Every structure is written in structure tokens, then in C-alpha cells.
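I'll walk you through one model today, so let me put it up on the screen.

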Amino acid sequence: MFGSKKKSVPRPLNDSGRSQISETFSLEGVLRSSGAIDISGLIKGAVYANDLIIKDTGSIVGPVEADKVEIYGHLEGKILAKTIIIGSSGVVKGDILFSESLRTEEGADINGYLKKTDSESMSAAENEFKLDTINKEEPKEKDKDKTKKGRPKIVASN
């Protein structure tokens, strides 16, 4: 009576437009998009997109994988992208892995390691991104023999 008997054919996705996450929006979970996303709200979780812009009021707590990332807000987590731009109001707390270019504007706040990589995925990049030279090495067996024998090593005291 009200419906039709036509088969509904799913229409193809149009990822040519930009998706907007407003200031009042908050998401806890994984955000995936094959298109572009502008984030002005809060995302707690991983973000995977083709093109990502974190606006001045935007914030992400979690890893980010994208072809292009522009950061003018806050990001706390690792970034893997071909091109990364960190604006003067951008704050990044995490490691930055890029394959083509990295641009930072005066005033950008970065707390993490930077590395140019050829890896296409976060797991492959993490395997490549070893910090052996920065971490303090454990004493070798010869050096352990030089410590006092018979006494336990004091780790913490009151």
C-alpha cells in the first residue's frame, strides 16, 4: 500500500565532501573515513582518514593514520601520515612519523620523536621506529660482576 516492491540498490558512497565534527560532538571509539574530516570536537580513540584537519577547538586522544594531517588543535597520540602540517596553535604529544613532508609553524608545541619513514601502516612504522640509541642500556654481564656481591640492589628507599 505505502511501499514499493522495487529492490533497493545501495547507492555508491560519495567521499568527495568533507565531514564535519562540531565543537559539541564527542566520540569515544574508532573513527574511519575514506574521505576528509574536519574535527572541532573531541575524539577519544584511533582516527583513520584520507585527509584530516584538527581545528583550534578540536582534540584527539589516540593514534592517527592519514595521507595528510593538519593540526591546529590538540593531539595526544602517534601520527603516521605522508604529509603533516602543525600550525602555530597546534599541540602534539606523541611520536610523529611521516613519509613525504613535515611542516611546523612558529609556536607549534611538539613533545615526541620525529622520524621520516617509508612504512605505510602504524605497526610497520613502530617496528622501524626503534629508540635503542636513546634508551639507557642494561649493564653487561662484566659490569654486573663489578657490583657488590651478596647484597641485593636497592631500587627505592623511603
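Predicted model: local features only at pLDDT ≥ 70, side-chain atom pairs only at ≥ 80, totals over all residues.

Let's start with the sheet: what is the strand order in the open sheet of six strands? Reading across, you get β2-β5-β7-β9-β11-β13, and the pairing is parallel. From one strand to the next the twist averages 5°, with axes being lines fitted to C-alpha atoms and angles running from 0 to 180 degrees between N-to-C directions.

Residues are numbered from 1 along each chain as its sequence is written, and side-chain values use heavy atoms, leaving out hydrogens and water.

How confident is the predictor? pLDDT is its confidence in each residue, from 0 to 100; the mean for the protein chain is 80, with 65% of residues reaching 70 or more. Over residues 131–139 it stays under 50, and the model has three contacts there beyond four places in sequence, a contact being heavy atoms within 4.5 Å. Residues 143–147 also stay under 50, with one such contact.

Back to the pairing. Strand β9 (residues 74–76) runs parallel to β11 (residues 91–93), joined by three bridges, and Leu-75 has Val-92 as its bridge partner in β11. Now look at β10 and β12: they pair in the parallel sense over seven bridges, with Ile-85 opposite Arg-103. β12 is also joined to β14 (residues 114–116) by three bridges, again parallel, and there Leu-97 sits opposite Lys-115.

While we're on β12, Ser-99 lies in that strand. Is Ser-99 buried or exposed? Buried, because its relative accessible area is 19% and the cut-off for buried is under 20%, with exposed over 50% and partly exposed in between, using a 1.4 Å probe on protein chains only. Leaving aside residues up to four places away in sequence, Ser-99 touches Ala-81, Lys-82, Lys-116 and Thr-117.

Key. pLDDT = per-residue confidence, 0-100. Pairing = 2+ DSSP bridges. Helix = DSSP H or I, 4+ residues; strand = E, 2+ residues; numbered from the N terminus.
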